[in-house]
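Dear colleague,

Please find below the structure that I am handing over to you. My notes on what was found in it follow directly after.

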Amino acid sequence: EIIIGSFSCDDCGYKNSEVTFGGKIADFGSKIECKIVSQLHLNRLVVKSEYASIKIPELNLDIPSKTQRGSMSTVEGILTKMIEGLQEGQEDRQKDDPESYAKLEEFIEKAKKYAKGELMPLTIMIDDPSGNSYIQNPYAPNSDPYCKIENYIRTKAQLTEMGYSTE
């Protein structure tokens, strides 16, 4: 069970959407590794639990668990949201710390090329101890030749981090 929440303010334009899992956690944690090799793959639906971390090796990017709420987006949407977050404060950074501004601007431009499909391939890796994250298979009902899913037994530390008793 998932609960999808969405909020939009007509006055200021603020938008927020999140996914909360209303049922139990899956029997196992999961690691999903997916190669994005086409525009079709950028449009894959991604459901990410709040406990999931995301890595994109080509960008040397690591989004730790619990730094973002659960979400439902596309691969392109994940990249776009990350880019928008990084662009916040760039104006001030340009004045106060031009060196950091330039490095971040270079990173943002590279990320934009991946988000637009101008650079390929891209690897998205999701590690979710709750086992509730998902990347859409556009080839269903056939297997997905570009995605690997590995289930694993959670550690006590992972269970504790998710708020479950280990006793």
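The accessible surface of the protein amounts to about 10300 Å², and carbon and sulfur atoms contribute 50% of it. Please note that this is a predicted model. The protein has 167 residues, of which 32% count as buried.

As to secondary structure, the protein holds five helices and 10 strands. Among the contacts with a separation of 6 or more, 69% are made by residues 24 or more positions apart.

A disulfide is a covalent bond between the sulfur atoms of two cysteines. How many disulfides does the count come to? With a pair of cysteine sulfur atoms within 2.5 Å taken as the rule, the count comes to one disulfide. The bond joins Cys-34 to Cys-147, with an S to S distance of 2.4 Å. Cys-34 belongs to strand β3 (residues 29-36) and Cys-147 to strand β10, so the pair ties together parts that are 113 residues apart in sequence. The angle about the S-S bond is -105°, and the link of Cys-34 and Cys-147 is left-handed. Are these two cysteines buried or exposed? Both Cys-34 and Cys-147 are buried.

Pro-121 is found in the loop that runs between α4 (98-116) and β8 (122-128). Another cis peptide bond leads from Ala-140 to Pro-141, and its omega is near 15°. Here the proline, Pro-141, sits in the loop between β9 (134-135) and β10 (147-152).

Where does Asn-60 lie? Its place is in the loop between β5 (53-56) and β6 (61-63). With a relative accessible area of 74%, Asn-60 is exposed; the cut-off for that term is over 50%. Asn-60 is therefore described as exposed, whereas Cys-34 and Cys-147 are described as buried.

Yours sincerely

Definitions and conventions. Residues are numbered from 1 along each chain as its sequence is written. This is a predicted model: local features need pLDDT of at least 70, side-chain atom pairs count only at pLDDT 80 or more; totals for chains, interfaces and linings use all residues. Side-chain values use heavy atoms; hydrogens and water are left out. Helices (H or I, at least four residues) and strands (E, at least two) are DSSP runs, numbered from the N terminus. Buried means under 20% relative accessible area, exposed over 50%, partly exposed in between (1.4 Å probe, protein chains only). Contact means heavy atoms within 4.5 Å. Accessible areas come from the Shrake-Rupley method with a 1.4 Å probe; for residues, only the protein chains shown count as cover.
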